[in-house]
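Here is a friendly note to read alongside the structure. Keep the viewer open and find each place as we come to it.

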Amino acid sequence: MKKRFKWGLAAMLSLLLVVMAGCQAVGGVDVGKAALSSLDVKSAMSKQTVSLQLVPADGKLSAEDQKAIDLLSSLSITIDQAITQDLNHASMEGAVQFQGKKLPFHLAMDAKTLNLSVEGMTQPISVSLEPETLDPAFAVPQMNNESVIQMYKDMLGFLLKHTPNPSKISITSVNDTVNGESLSLQKLHVEIRGDELAGLAKGFLTSLSKDKEGLKQLITRLYDTYYPIIAAYYAGVPGMEEDALTSAEKEKEIALVADQLISAVNEILPDFDKNVNELFEGTPELRTVLGKDTVLSLDFLLDSKMNIRKQNMDLTVQLPANKDIPVKQVKVHSEAETWKINEPVTIHPVDGSKGFWNVAPGEGTPGEVLRHLDSKSELYRLLKNDMQITRKSFDMYAEDDPTMMLVPGYEPVIVNNTLMVPVKHVANQLDAKLSWDKATKQITLTEDLTGAKIVLKVGSKQASINGTAEVLAEPVQNFEGSNYVPMRFITKALGAQGHWDAKGKVLTIERD
């Protein structure tokens, strides 16, 4: 129980960094209402900037660490214009900046498709959002957007209702400009320090423990939103079908869950301070991360309708001194403005005159990505040289596999002093496409980066690379259902190198 509490508390303290304030009115302004009003925005136009700064740790840094810090600290995102037309249509135009370079981008989406263009692409990316085109795990009926928004409102309202105000929170009247228009606004300033979070968490739990009815209402909203989706997903799956609960059964189950949650909270509260101290003693680094130098500062400028028209955010996270961490502070700064709230606006579609690169979520190998870029563009250089998306490295163990994959198809074997490796596993790791002709027992591989064709045949030493004949040290052979090929041949053919540690029985395969 104590270990679970510590992990749960750490997660809760982190979550509270993004909670604006409690439900208490400040200077006559209902803070909770102002927070919830953002979820009532159906259409709007906005702009935003986000920048990152890493403060180097004291002492001399390695050239590699300094290079990484300089690169990340130069990173910023500018959204020149974001348009929300309705719940299903949005577009965004802006640029990513790094090391003095600028990469403009344009994103647009509707209920069916997300399109993205970045300067340097030969074609924009198009990702289908249709349920039937997604992974089966996601191919379920979509939640009604209104129900999702109402669920978020209920959840946020519940959090705000029970979260105490931080020590620094204030309201002042100001005149400011939003998209060039001068406005009279109310400025809500909120500042939360890391060393306040434990107290805010305790206040939240104390208040929650006294609100069984509110908790029941929240659980009911979550049930009503998600149960139809879960039921539809498991419909027809043997042993997983369940009859819908009657109203009485539903009310009884929800009351039981609420009682269990409140009981768990009441079990935590008496020893809360003691467990917090034990958490810090067991993980002393948290005293720095959740100390006075970790600060979230927020400014929200509200109009007379409680709409957030402008916001500024500064987050500083203090990191513990550690020889393995070359950074002592992470700083994030953001500014945003919003206008035309709930007025008619129209999104800007991505230019598809050159066609689209249709790609499924999670797909797109390094080679495919680079082939859709102009090789002279900054984007190509960033991905290929700076981010090194083509670099691969993985280990294969002949004995004592720490990855628990010491099974046929994942381990190297030695045949007549020749190191053999499973073709399918190596191909998957290096993003090569594999096809198998059962009738001829022929294996064809397509190398990801160059498109080279490698042809192998089970039982034969004859192979070819782009039509050029090669002779293998040992024939392709099957071990316990997996086809194996000499390591030196396959790694070279796929643009990689293999390093065999004979003493440790470990093969490392790398590709630059």
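1. Let's begin at one residue. Ser 38 sits in the loop that lies between helix H2 (31-37) and strand S1. Please keep in mind while you look that this is a predicted model.

2. Is Ser 38 buried, exposed or partly exposed? With a relative accessible area of 39%, Ser 38 counts as partly exposed, because that class covers the values between under 20% (buried) and over 50% (exposed).

3. Now look for a residue from elsewhere in the sequence. Ser 38 and Arg 309 are 271 residues apart along the chain, yet 9.8 Å separates their C-alpha atoms. For the protein as a whole, consider the contacts with a separation of 6 or more: 60% of them involve residues 24 or more positions apart.

4. Let's step back for an overview. The protein has 13 helices and 24 strands. Of its 512 residues, 37% are buried. The protein exposes about 28500 Å², and carbon and sulfur atoms supply 53% of that area.

5. Strand S1 (residues 44-56) runs antiparallel to strand S2 (residues 76-84), and 7 bridges join them. To find this pairing on screen, look for Gln 48, which stands opposite Ile 79 in S2.

6. S2 also pairs with strand S3 (residues 90-98): these two run antiparallel and are joined by 8 bridges. Here Ala 82 has Met 92 in S3 as its bridge partner. How many residues lie between S2 and S3 in their hairpin? There are 5 residues between them.

7. H7 covers residues 247-268, which is 22 residues, and reaches 32 Å from its first C-alpha to its last, close to the 32 Å expected at 1.5 Å a residue. The buried residues of H7 are Ile 254, Ala 255, Ala 258, Ile 262, Val 265 and Ile 268. Seen down the axis of H7, these buried residues fall within an arc of 145°, so they line one face of the helix. On the other side of H7, the exposed residues are Ala 248, Lys 252 and Glu 267.

8. Why can residues spaced along a helix end up on one face? An α-helix has 3.6 residues a turn, so residues three or four places apart point the same way.

9. Move on to an open sheet of 5 strands, whose order is S16-S17-S18-S19-S20 with antiparallel pairing. Which strands are at its edges? They are S16 (433-437) and S20 (468-471), each of which pairs on one side only. From one strand to the next, the twist averages 20°.

10. Finish with one end of that sheet. Strand S19 (residues 462-465) and S20 run antiparallel, with 4 bridges joining them. Gln 462 stands opposite Val 471 in S20, and Ala 463 has Glu 470 in S20 as its bridge partner. The hairpin of S19 and S20 has 2 residues between the strands, and Asn 466 takes a positive phi near 55° in this hairpin.

Definitions and conventions
Residues are numbered from 1 along each chain as its sequence is written. This is a predicted model: local features need pLDDT of at least 70, side-chain atom pairs count only at pLDDT 80 or more; totals for chains, interfaces and linings use all residues. Side-chain values use heavy atoms; hydrogens and water are left out. The expected span of a helix is 1.5 Å times one less than its number of residues. Buried means under 20% relative accessible area, exposed over 50%, partly exposed in between (1.4 Å probe, protein chains only). The arc is that of the directions from the helix axis to the C-beta atoms. Contact means heavy atoms within 4.5 Å. Accessible areas come from the Shrake-Rupley method with a 1.4 Å probe; for residues, only the protein chains shown count as cover. Two strands pair if DSSP finds at least two bridges between them. Axes are lines fitted to C-alpha atoms, for helices over the stretch in contact, and angles run from 0 to 180 degrees between N-to-C directions.
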